[in-house]
Amino acid sequence: MIEKALKGTRNYWAWIASLLALIAVGITAYNRQRWFGLTVTGMGRDISWGLYIAQFTFLVGVAASAVMVVLPYYLHNQKVFSKTVIIGEFMAVSATLMCLLFILADMGRPDRVLNVLLYPSPHSMVFWDVMVLNGYFIINLVSGWTVLGAERRGIPPPAWVKPIIYLSIPWAVSIHTVTAFLYAGLPGRHLWLTAVLAPRFLASAFAAGTSLLILVTLIIKKVSGFDTGKEAREKLAVIVTYAGLINIFMIGTEFFTAFYSNVPSHKHSLQYLFFGLEGHYNLVPFMWFSLILGLGSLAVLLVPGLKTSPKWLAAACAGLVVSIWIDKGVGLILGGFIPSPLDEIVDYFPTLTEVSVTVGIWAIGMLVLTLLLKVAVAVKTQE
Amino acid sequence: MNKERRDFIRKTGLGVLAGICASSGLIQAFALEETVLPAWDEKPVPGKIRWGMLIDTRKCRQDCKECVAMCHHVHNVPDFGNRKDEVKWIWKSSYEHVFPTSTQQFRTKEVLERPYLALCNHCAESPCTRACPTEATFKRWDGIVSMDYHRCIGCRFCMAACPYGSRSFNWRDPREGIKEASVDYPTRMTGVVEKCNFCSDRLVKGLMPACVESCPEKALTFGDLNDPRSDIRALLESNNTMQRKPELGTKPSVFYII
Amino acid sequence: MRIKKMLLLIAVPVLMLFAVVAFFRQPGHAETAKAPPAPVAVDSTKCIAPAEYMRANHMQVLYAWRNSSVREGNRVYIAKNGSRFQKSLNTCLGCHSTNRLFCFNCHMYANVKPKCWNCHLSPMETP
């Protein structure tokens, strides 16, 4: 089936070539990082996680959002999603792959990565995260590929794939819950030490990930003419709207608890992120931009009629993706480290090397997604 | 052959550290740790001993850095001169940084301005060992939170988990930052986390921790918290002491007399 | 079209190779000796095990020593003949560092690059 990815237009190949170029840039930068150590990144003793872990957190959400099409299609028989399901699953595959690559890029000794399996430590959330992410990767790849292969031959999918698909539904919830538990169980990091973190992760995932899915279906429609259906997109937009609203609501509850209780350690990170703390205002413009963009995008989705226009829908979805990327991918990770355990404030700026590696990993993810979707579209349109 | 070998040594730069040692006069003092039986020659019983430390901050002098210097020297802790790549096992800080959640109102000026030592607390309920995915950092039989540098994958989870900022990561090759190498203890390598080991390397030779030994004011007391007759327990009973962030339930083994 | 396919078929494996090389590449000492190692005569009355055994199994011994002494605190090794040794790399080097090329001779010949010397002092570095 993979041979279908080797047949494409000039633009397809130009896209592939530019992704390969970006991957080459990323690998060169990573090579530099392996040689000199993680000192080439902006991370340091006080802010010991940065862009990589931030991308990882955001992308786990993208991966988990596949459940928003798998669940209604397989459990509730919503036929309207019949063409979208495979796109959601393949997006989950590439997002999970990127997650794993970002973890690898962040590790000081990636050559010892197998130690996680050689010395399994169930008391560590990382162990569980590695388990569920790899599991999710395999589940989605196997179920998506098998169903697509059956469709190509015009036969119903084999019976054994059904349980795997059903398994993917709770599994999607588990990957983002465990990812939230990575942060939510650490004493002394008050921005993360909140029971609402896992629910908030899920809500923001279903908003941003599903938005990204809508955008991808719009792009596919534009470049290949394959339309997954306007109705499907509008139904997804409803999910995006409610998930986005719930996410904003939960951000609000965080503010209430921190500021009404008036406990300094609970307030500090939020103060740093949104108002600046002791003369440090680095992230303040980003956080307000994220908040206003998020609210604006949700407003567009809430106005009746606007979301039926593909342009408005695309704008609102893109706005929400950017908003949540900043909130979850930048604010949450950096905010957790500021102030430091010794109540000191250190600012973080990613370096060019770090950004190049990040771009390279995104390019790998997009390359895998492009190839998988090329096959999917070719099968669906029976080229 | 001999010349080839010498060239090889020179080219690979492996002789550099040896050169440093020789030039710093360590060559006479040099002795590889002797092959003698250590103080404990059996597999120890877990939980019998719990090493702890008591810091009498009233005795700590503003201008003195003996403990930091000795600790960092004997353990080959690198110094790169910048905050981002910093590696430290023990350091001096101020009251508001070491005890950010403790009372600061109406403390005397003298108490607020006194230097306070910060180091790994070797918590009885250590969050770092819980977070480690490979058990590279683990709770030893004697209460010391230890690092197995052979196993660390450098994920830095323990750094996020430690509420005391006691852990450092080797962002770059530590050997570049060691001015005077000590031959008694290995260095670390790029990409692993390190921290205070409560001088487990010295305890096994029957020596007191480097910071305790080097303190000219004898402000540091080290001993077994599980032994009711130990010096440290006597001092804990006769003084009002404090731990860092006790509200987190980590049960630090380092105590402070304010 | 054929050219584009070729592009993909060449570029992807090349990039993967790059990535693998980047992943495993490390600052190291990449020089290999030409001649096979010359056998060195050593008084082995105080050895922890016979030389033949150590030649084949030193890595397993070091691995077991490291784990039991670092992690369990069991620091004493009792040899077959009843003599007792401290489980430490320094025990080995206490005798063997008289030969500066101990370790290196064979490892260079066999092109094996253990990471011990990234942290521990090697016989070449010991003064």
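**Chain contact, helix packing and core**

In this predicted model, 31 residues of chain A are in contact with 43 residues of chain B. On the side of chain A that touches chain B, the elements giving two or more residues are α5 (115-118) and α6 (125-152) of chain A. Sorted by class, this side of chain A holds 13 nonpolar, twelve polar and six charged residues.

Two packed helices are described by the angle between their axes and the distance between the axes. Helix α2 (residues 51-64) of chain A packs against helix α12 (residues 310-337) of chain A at an angle of about 140°, and the axes are 8 Å apart. The helices α2(A) and α12(A) are therefore oblique to each other, and their crossing is right-handed. From α2(A), the residues I53(A), A54(A), Q55(A), T57(A), F58(A) and G61(A) meet W325(A), K328(A), G329(A), V330(A), L332(A) and I333(A) of α12(A). Seven nonpolar, four polar and one charged residue make up this contact of α2(A) with α12(A).

The second pair is helix α9 (residues 230-261) of chain A and helix α11 (residues 284-302) of chain A, whose axes come within 10 Å and cross at roughly 140°. Here too the description is oblique, as follows from the angle between α9(A) and α11(A), but the crossing of α9(A) and α11(A) is left-handed. On α9(A), the contact involves A237(A), V240(A), T241(A), G244(A), L245(A) and I248(A), and on α11(A) it involves G294(A), L295(A), L298(A), L301(A) and L302(A). The residues of the contact of α9(A) with α11(A) comprise eight nonpolar, three polar and no charged.

V240(A) leads on to a residue of α12. C317(A) lies in helix α12 of chain A and counts as buried, because it has 28 C-beta neighbours inside 10 Å. Although C317(A) and V240(A) are 77 residues apart along the chain, their C-alpha atoms are separated by 8.3 Å. Apart from neighbours within four places in sequence, C317(A) is in contact with S211(A), I214(A), L215(A) and V240(A).

The largest nonpolar core has 181 residues, and the members that touch the most others are L59(A), A63(A), M98(A), C99(A), F102(A) and I90(B). Helix α4 (residues 85-106) of chain A supplies the largest share of this core, with 15 residues. For C99(A), contacts beyond four places in sequence are with F56(A), L59(A), V60(A), A63(A) and L133(A).

Methods
Residues numbered from 1 in each chain as written. Chains lettered and ligands numbered in written order. Predicted model: local features only at pLDDT ≥ 70, side-chain atom pairs only at ≥ 80, totals over all residues. Axes fitted to C-alpha atoms, helices over the stretch in contact; angles between N-to-C directions. Helix = DSSP H or I, 4+ residues; strand = E, 2+ residues; numbered from the N terminus. Parallel < 35°, antiparallel > 145°, perpendicular 65-115°, else oblique. Left-handed = near helix turned anticlockwise from the far one by under 90°. Contact = placed C-beta atoms within 7 Å. Nonpolar A, V, L, I, M, F, W, Y, C, P; charged D, E, K, R; others polar. Core = buried A, V, L, I, M, F, W, Y, C linked by C-beta atoms within 7 Å. Buried ≥ 20, exposed ≤ 12 C-beta atoms within 10 Å, placed from the backbone.
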